[in-house]
Amino acid sequence: MLDLSENSLIGKIPPQLGDMRRLETLNLSRNDLSGSIPYTFSEMSEMSSLISVDISYNRSEGPLPNYKAFCKAPFGALTNNCGLKACLSSITWSKNYGEKRQNKVMIFFIVDRPKTY
């Protein structure tokens, strides 16, 4: 677990955090972090243990990685950023046509507050 919340951190999220192979929980909320989520947090990274992430109340922007911790994060863990774009969710279809189909669709709405200067 790594909790760096409320530390007045500025700049971009360091890509080296994505190299932490055993990290399960990452909390970077309530800082002044900006830019996009580093490529090291992608589903192709070696960070397979991450299950919980909170990047709320920063200035992050761009697409969220298509990675389980980000795609399954609760709305509150992603809110109040400059322009994060939600993960594409998957639709699961039954493989047997005789079985009842189960559609699973998740829709995310990222609502940003207006910038005040």
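Predicted model: local features only at pLDDT ≥ 70, side-chain atom pairs only at ≥ 80, totals over all residues.
Buried residues account for 36% of the 117 residues in the protein chain. Seven strands and one helix make up the secondary structure, and along the sequence they follow the pattern β-β-β-β-β-β-α-β. Among contacts between residues at least 6 apart in sequence, 49% join residues at least 24 apart.

### The sheet

Three of the strands form an open sheet in the order β1-β3-β5, and their pairing is parallel. The edge strands of this sheet are β1 (2–3) and β5 (52–54), each of which pairs on one side only. In general, strands of a sheet pair through backbone hydrogen bonds, in either a parallel or an antiparallel manner. Here β3 and β5 run parallel and are joined by three bridges, and Asn27 stands opposite Asp54 in β5.

### Around Ser29

The loop between β3 (25–27) and β4 (32–35) holds Ser29. Is Ser29 buried or exposed? With a relative accessibility of 7%, Ser29 counts as buried, because buried means under 20% relative accessible area. The side chain of Ser29 is joined to that of Asn27 by a polar contact of 2.7 Å. Leaving aside neighbours within four places in sequence, Ser29 is in contact with Ser5, Glu6, Asp54, Ile55, Ser56 and Asn58. Asp54, one of these contacts of Ser29, is also the residue in β5 that Asn27 stands opposite.

### Aromatic rings

A pair of aromatic rings is described by the distance of the centres and the angle of the planes. The count comes to one aromatic pair, which Phe41 and Phe70 form in an edge-to-face arrangement, with 5.9 Å from centre to centre and 90 degrees between the planes. Because Phe41 lies in the loop between β4 and β5 while Phe70 belongs to helix α1 (residues 68–71), the pair ties together parts that are 29 residues apart in sequence. Phe41 counts as buried at 2% relative accessibility, and Phe70 is buried with a relative accessible area of 2%. Another ring, that of Tyr57, has the charged end of Arg30 sitting over it, 3.9 Å from the ring centre.

The table gathers the side-chain distances.

| Residues | Arrangement | Distance |
|---|---|---|
| Ser29 and Asn27 | polar contact of side chains | 2.7 Å |
| Arg30 and Tyr57 | charged end over the ring | 3.9 Å from the ring centre |
| Phe41 and Phe70 | edge-to-face aromatic pair | 5.9 Å centre to centre |

Definitions and conventions
Residues numbered from 1 in each chain as written. Heavy atoms only, no water. Helix = DSSP H or I, 4+ residues; strand = E, 2+ residues; numbered from the N terminus. Buried < 20%, exposed > 50% of the residue type's maximum accessible area, 1.4 Å probe, protein only. Contact = heavy atoms within 4.5 Å. Polar contact = N/O pair within 3.5 Å; in protein donor to acceptor, adjacent residues only side chain to side chain. Pairing = 2+ DSSP bridges. Phe/Tyr/Trp six-rings, centres within 6.5 Å; stacked < 30°, edge-to-face > 60°. Lys NZ or Arg CZ within 6 Å of the ring centre and 35° of its normal.
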